[in-house]
Amino acid sequence: MMNQPMPFDHRRDPVLGAVLRQALDRGEEAAFVARVLARADEARATAAPWAAVLARWARTGIAAAIVIALAAGYLVGRIATGPAGRASVTEALIAPRTQAPVVDVVLASVLER
Amino acid sequence: MAVDPQPPASVARISPQDEAALVARAVAGDRAAFGLLVERYAGVARRVARAVLGDPDDADDAAQDGLLSALVKLEQYDSRRPFGPWLLRIVANAATDRRRRRKVRRAEPLDPALVAGGPRPDTTAERRELSEQLRQALAELPERRRIAVVLFDVEGYAHAEIAHILGIPEGTVRSEVFHARRRLRVLLADWKEEER
């Protein structure tokens with residue numbers, strides 16, 4: 001009979017290891033390695049077109065975003081820096097600032113009455 | 001028929017520095033480097049997967065899943081730690097996931113007479129018979145126990161490394177290996193008795 005194992009023996013059991021290895025080994029290791037590498041290549045090949053598509057989409061998206069941002073900036077800038085529009089009657093009469101009231105505004109207010 | 005104990009698998013391992021360099025090359029897209037890693041770990045990955053799943057085809061599929069999953073996660077590998085346990089944890093998880101997803105046919109329960117030291121099969125394919133008996137005995141062990149004893153006695157990993165692979169305390173690994181051995185050695189002892 002074999003010796004009983006010591007509890008929590010820290011040494012390998014080479015005999016048990018060898019028979020277990022034999023029981024679990026299937027062989028044909030080269031074929032298995034080739035299969036795994038082929039799958040890895042397939043995964044790369046199928047991933048690459050998607051990456052390219054996404055990259056194209058990204059380039060198009062970035063260009064579109066730049067155009068939209070420029071257009072929006074231009075419009076906002078025009079609104080902000082463009083003519084202030086006609087001053088209201090109240091503004092023209094009550095808050096004349098340094099300039100004299102605009103004549104047509106004053107006339108319009110008189111005519112409306 | 002004698003059993004030739006094989007040298008510890010640790011002898012065949014490459015240095016951690018070399019492995020880290022191979023991993024770095026593989027991350028950079030070097031197919032040959034990944035190929036070397038696969039060659040190095042294919043055997044242990046398949047054996048661990050088979051210890052979990054039993055069925056050799058399922059085991060190969062799981063080992064492959066694990067290796068490819070490791071390739072995807074390679075950038076997450078901490079090169080200061082040993083590569084083998086990191087990889088085998090992924091492989092063991094892949095095998096466990098596969099076992100859960102697919103209702104793998106359970107091995108037939110081992111004949112109690114066999115475990116208790118019944119008559120030894122008198123066929124000419126004794127070694128094959130012993131392997132079959134060991135596979136059946138393994139299949140009856142809890143999964144963690146199976147993996148622990150295979151990693152320890154077959155692959156030569158230390159308890160601490162196995163603890164990392166299985167995500168359990170080192171003391172639990174020692175206990176699992178002990179209980180697995182006690183079970184498997186009954187078979188082996190009987191077989192050796194008959195050899196004399």
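The contact draws 42 residues from chain B and 30 residues from chain A, two residues being in contact if their C-beta atoms, placed from the backbone, lie within 7 Å. On chain B, the side that touches chain A takes at least two residues from each of α2 (31–53), α3 (56–73), α6 (126–140), α7 (143–154) and α9 (170–195). Helices here are DSSP runs of H or I with at least four residues, strands are runs of E with at least two, and both are numbered from the N terminus. The most is given by α9(B), with eleven residues.

This is a predicted model, in which local features need pLDDT of at least 70 and side-chain atom pairs count only at pLDDT 80 or more, while totals for chains, interfaces and linings use all residues. Residues are numbered from 1 along each chain as its sequence is written, and chains are lettered from A in the order in which they are written.

Chain A has four helices and zero strands. Of its 113 residues, 12% count as buried, that is, 20 or more other C-beta atoms, placed from the backbone, lie within 10 Å of the residue's own.

I turn now to α2(B). In this helix, 17 of the 23 residues are buried, so α2(B) is largely enclosed by the rest of the structure. A kink of about 50° is centred on Tyr41(B), the bend being the angle between axes fitted to the seven residues ending there and the seven starting there. After α2(B) comes Gly54(B), with a positive phi near 85°.
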